[in-house]
Structures are given as structure tokens and as C-alpha cells.
Amino acid sequence: QVQPVESGGGSVQTGGSLRLSCAPSGFTYSRNWIGWFRQAPGKEREGVAAIYTGSGVAVYADSVKGRFTISRDNAKNTVYLQMNSLKPEDTAMYYCAAGGVGLAVSLYRNWGQGTQVTVSS
């Protein structure tokens, strides 16, 4: 069974940085989409960034373009989300998911447990 495992969340002040890691254990890592999603209390889950591990093509939500960077290390079967210039509105539970397409939440079936990111003003 695929179980993406996230790490790297935490608490930072506005303008700070965090790097999240996702290791999709049990998943055919190569040539698949792996994405980062987030969900704030009372809000729907939304796509943040996703990467196609074969080509490295990445897509981003407009709200994070220029601040977040998704990357992959194929040798380590790990996907990273570098988050810079963090804002309070980035506060959410962040989830890694595998096997979907782009930022389409409904197309992903394999989800991690999530890691909390809190940005204080």
C-alpha cells in the first residue's frame, strides 16, 4: 500500500522559510505526479504544487508562485517543497499525495497523514 510520508513542518514567523519532504513509500515513484496540497480549518483542500517525476515539469497554485518551489531527488525517491516568504495565510495542514494529475485534488488516491505549517505575524 502506498503511504506518502511527510516531514518538515513547523512554526515560523512571517517571511520565514520551511522545507517539506515527501517520500512516497511503496509507490512507483518514477513517471508519476506527486503533489503538495493544504487544508486550513474550515476550508477545502487545495493544490499547492505538483511535479511529474519523470520530466520534472512542475505546476503551482497562483497563490504560491514565486515563493514556493517543488523539486524531486529521483535517487532518494523524495519530493521537496521549499517554502519561502511565508505568510499567515499559508498556515494549514500540508499533505503529500501521489498518483494523481497536476493540482486536481480529486484525482489523487494516495495521501499522507499531513504535516502542520503555522506562520505567525
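What share of the contacts in the protein with a separation of 6 or more comes from residues 24 or more positions apart?

1. The coordinates are a predicted model. In answer to the question above, residues 24 or more positions apart account for 56% of the contacts with a separation of 6 or more.

2. The secondary structure consists of eleven strands and zero helices. Along the sequence the pattern is therefore β-β-β-β-β-β-β-β-β-β-β. The radius of gyration is 13 Å, close to the 14 Å that the globule rule gives for 121 residues, so the protein is as compact as a globular protein of that length. The C-alpha trace spans about 40 × 25 × 25 Å along its principal axes.

3. On burial, 42% of the 121 residues are buried. The accessible surface comes to about 6,000 Å², and carbon and sulfur atoms hold 47% of that surface.

4. The largest nonpolar core has 27 residues, and those touching the most other members are W36, V48, F68, L81, M83 and Y94. Two or more residues each are given to this core by β3, β4 (33-39), β5 (46-52), β7, β8, β9 and β11 (115-120). The largest share, four residues, is from β9.

5. Y94 deserves a separate look. Leaving aside residues up to four places away in sequence, Y94 touches E6, L20, W36, F37, R38, V48, F68, L81, M83, G114, T115 and V117.

6. The link is left-handed, at -70° about the S-S bond.

7. Side chains of opposite charge can pair when their charged atoms come close. The structure holds four salt bridges. One of them pairs D90 with R67, the closest N and O atoms being 2.7 Å apart. This pair links distant parts of the chain: D90 sits in the loop between β8 (78-83) and β9 (92-100), R67 in the loop between β6 (58-60) and β7 (68-73), and the two are 23 residues apart. D90 counts as buried because its relative accessibility is 0%, under the 20% cut-off. R67, at 10% relative accessibility, counts as buried too. Salt bridges that share partners join R67 and D90 with R38 and E46 into one network.

8. Within that network, the side chains of R38 and E46 meet in a salt bridge of 2.7 Å, N to O.

9. K65 and D62 are both exposed, whereas R67 and D90 are buried.

Note on methods. Residues are numbered from 1 along each chain as its sequence is written. This is a predicted model: local features need pLDDT of at least 70, side-chain atom pairs count only at pLDDT 80 or more; totals for chains, interfaces and linings use all residues. Side-chain values use heavy atoms; hydrogens and water are left out. Buried means under 20% relative accessible area, exposed over 50%, partly exposed in between (1.4 Å probe, protein chains only). A disulfide is a pair of cysteine sulfur atoms within 2.5 Å. The radius of gyration is taken over C-alpha atoms; the globule rule is 2.2 Å times the number of residues to the power 0.38. Contact means heavy atoms within 4.5 Å. Accessible areas come from the Shrake-Rupley method with a 1.4 Å probe; for residues, only the protein chains shown count as cover. A nonpolar core is a set of buried Ala, Val, Leu, Ile, Met, Phe, Trp, Tyr and Cys residues joined through side-chain atoms within 4.5 Å.
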